Amino acid sequence: MPPSSFRRTWNTIRVGFFLANRQMLANKGTSILIVVVMILTYLNLLMVSGLLVGIVDGLRQERRDHYTGDIMIVQHDRKNAILNSPDTISYLKTLPLITSFSPRYKTTGIIEGNYAEKITEQDTPDVIISTFIGIDPTAEDATTGLSHLIVEGEYLRPTDYNQILIGTSLLARYKTLTALPGTIPIPKVGVGDKVRIMLNGIEREMTVKGIVASKLEEINLSAYMVDAQLRAMLGRTNRGVNEIAVRVAPGASAPTIRDQLKRSPIGNNGLILYGRDSEPSFFQDFASTFGQLGTILGSTGLVISFIAVFILVFINTVTHRRSIGILQAIGVRPGGIEIGYVAQSSLFSSLGAVIGIALNFMLIEPYFVAHPIDFPFSNGILSVSITEAWVKALVLYIAIMCASIVPARMIMRQEIVDAILGR
Amino acid sequence: MLEARNLKKQFASGESSLIVFEHLDFVAAEGEFVIITGRSGSGKSTLLYLLGLLDTPNEGVVSIDGFVGSTLSRNARSDLRLDRLGYVFQDYGLMAEMSALDNVVLPLIMRGKSRAEAKELARAALDRVGLGDHAKYRPSKLSGGQQQRVSIARAIAHNPSYILADEPTANLDTTSALEILSMFRAIHKAGSTIIMVTHERESLSMATRVLELKQGQLVDVTHIPQSPLQQMVGL
């Protein structure tokens, strides 16, 4: 009795896998080569966009590591400080999952250099607008590791007075690009030189104790001094600070702690923000621009691999035309032969993606974290989420499936005798 | 019964065309051993391809046990070939990347046999053609005669109603050719219907019917004397 239609279909699938298995085993070298090509194609798909997005993510990480910490508390709009700052600080000290925090006074003002050389009224003063940040050097270093950004001179001590750290973008020795008046870096100023500070209507001469360099312009355009001195210059008798950078314990969830803080008694004293919430909007613009660029470049790579696999399968089917004809002659359904090719491509692309994912998350990404690429405005890392990796694996899989089905179908449309005789 | 009625096959090339045959009828009853002979280019193989549903006639119909080829879907034609036909090709038609055993196993899996059952039946078929100990060899490691025997094993393994053989001895030396022919004779004696295309006179005496394709028509030439070589080897 002839098999049922379902049974025939099942047998066709079995034969397809049988053919795929035998062809792969018979051509082990070629199979391995194709899997390697798939791995490279997949990594190309992941890494092009991953590196581009990683430029922004590297910058975000720099900002989190050296400026905002995990959570940032800032003053409300139209307030000149965080409300009840001493109470807020006292409350933060009671939370076990907060390992450190750094309250900061913050204002803008002017730095003037080389003023001793400007003796006539016609001499243009070397001035630049800067952000002044008053810090507790110990708390700041524990929270943001600011001392690690010192490239010249020394870090501040809590007892320092009239000592200042200056960001590299304020100094012509580091920043040579021309800029708008008031933002032109000060020439000939380095460690040990005197500068004049003008803020809140007060002038003070200070000594440059150290130079701070970061990938983050927010830091490079800042000048740091000890909090007590800036507080005095600002006349903050109520000790109201402008922002507090908070570092949470390793493994603790910053968003969860942020939410807890929002619900706590200090929740309304200031805006409590989680890392990305506090970043300037251009970060997101950069991220989405680079993401789109990565998608375009990655798609080009995908099209190239589609064409490569199409050609590969097409050549394979053309060179096996006669065998395909014979298989049909002995009763193998065309679907079985197609399944044979599709199963091979399926295995190759799946293996390529799975090995690619393993390589990416176990080797390449950790490497880039340990050795970021030194871009001018960011320490570029490889930024790929696991969801993105699986989605791209699926995209590659579907593309490769299409690339293998089409040529197999084209050959299968021929008359069997034409395939056998090579007509 | 394998039957062809009013067959016409024509090859067109540009504006010119060649009619190989037309109004051609053919019948092979169960248990027959039909040999189709004729000069090179007479259309013997073309006819066999049509009888085996590997090609489509310009006119006419081919039916196998009542199933008319032209009315069937591609899959149904494949199924019909699988269920009722076995093929032996002039140049063996084996899959180069598979062992002799796997070549024979393939149609058995398609018939729904389990892997183990298919292997068992394939081994039995290879034993029948005297290649039981060559099961693991790939075709490239076998001689022409051995490859053709694998091809025969593949054709008979699933006990088809009809075996179609296209010049099965044309590429072989005399000794191997005679071995293959005696194998066909044994298969026929075991009950299979065989339709063989050949131009070699040595095989003619095995047939229950010999048809010559001449000027586009089949002529029954069954009663012709044996060649001296046939008489010598007793075929």
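**Entry 1: S288(A)**

I looked up S288(A) and found its place in helix α8 of chain A; helices here are DSSP runs of H or I with at least four residues, strands are runs of E with at least two, and both are numbered from the N terminus. The model is a predicted one, in which local features need pLDDT of at least 70 and side-chain atom pairs count only at pLDDT 80 or more, while totals for chains, interfaces and linings use all residues. Residues are numbered from 1 along each chain as its sequence is written, and chains are lettered from A and ligands numbered from 1 in the order in which they are written.

Is S288(A) buried or exposed? I noted that S288(A) is exposed because 12 other C-beta atoms lie within 10 Å; 12 or fewer count as exposed, 20 or more as buried, and numbers in between as partly exposed, with C-beta atoms placed from the backbone. Between the C-alpha atoms of S288(A) and K262(A), 26 residues apart along the chain, I recorded a separation of 29 Å.

**Entry 2: α8(A) and its partner α2(A)**

I then asked at what angle α2 (residues 28-68) and α8 (residues 281-319) of chain A pack. The angle is about 175°, and the axes are 8 Å apart; axes are lines fitted to C-alpha atoms, for helices over the stretch in contact, and angles run from 0 to 180 degrees between N-to-C directions. The two helices α2(A) and α8(A) are therefore roughly antiparallel, a label given to angles over 145 degrees. In their contact I listed 17 nonpolar residues, nine polar and one charged; Ala, Val, Leu, Ile, Met, Phe, Trp, Tyr, Cys and Pro count as nonpolar, Asp, Glu, Lys and Arg as charged, and the others, Gly among them, as polar.

**Entry 3: I355(A)**

I located I355(A) in helix α10 (residues 334-370) of chain A. I355(A) counts as partly exposed because it has 16 C-beta neighbours inside 10 Å. The C-alpha atom of I355(A) is separated by 42 Å from that of I272(A), 83 residues away along the chain.

**Entry 4: Strand β8(A)**

How many of the residues of β8(A) (residues 222-226) are buried? I counted five of the five, so the strand is largely enclosed by the rest of the structure. Strand β3 (residues 126-135) of chain A runs parallel to β8(A), joined by five bridges; a pair of strands requires at least two DSSP bridges. I133(A) has Y224(A) of β8(A) as its bridge partner. With β5 (residues 163-167) of chain A, the pairing of β8(A) is antiparallel over two bridges, and I noted I166(A) as the bridge partner of A223(A).

**Entry 5: Where the chains meet**

I found 25 residues from chain A and 25 residues from chain B in the contact; residues are in contact if their C-beta atoms, placed from the backbone, lie within 7 Å. On the side of chain A that touches chain B, α1, α9, α10 and α12 (416-421) each give two or more residues. Which element gives the most? It is α1(A), with nine residues. I sorted that side of chain A into twelve nonpolar, seven polar and six charged residues.

From chain B I examined helix α2(B) (residues 74-84), in which the buried residues include R77(B), D79(B) and L82(B). Among the elements that cover the buried residues of α2(B) are α1 (5-26) and α9 (321-329) of chain A, and β4 (59-64) and α3 (100-110) of chain B.

**Entry 6: The sheets of chain B**

I traced an open sheet of four strands in the order β2-β1-β4-β5, with antiparallel pairing. Strands β2 (16-28) and β5 of chain B stand at its edges with a single partner each, so one side of each has no neighbour in the sheet. Nine bridges link β1(B) (residues 2-13) to β2(B), and L7(B) stands opposite L24(B).

I traced also an open sheet of six strands, in the order β6-β7-β8-β3-β9-β10 of chain B, with mixed pairing. Its edge strands, β6 and β10 (217-220), pair on one side only, and the twist from one strand to the next averages 20°. Within this sheet, β3 (residues 33-37) and β9 (residues 209-214) of chain B are parallel over four bridges, and I36(B) has L211(B) as its bridge partner. I saw α1(B) packed on this sheet, touching β3, β7 (162-166), β8 (193-197) and β9 of chain B. Helix α5(B) (residues 144-156) packs on the sheet as well, touching β6 and β7 of chain B, and its direction makes about 175° with that of β6(B).

Methods:
Parallel < 35°, antiparallel > 145°, perpendicular 65-115°, else oblique. Contact = placed C-beta atoms within 7 Å.
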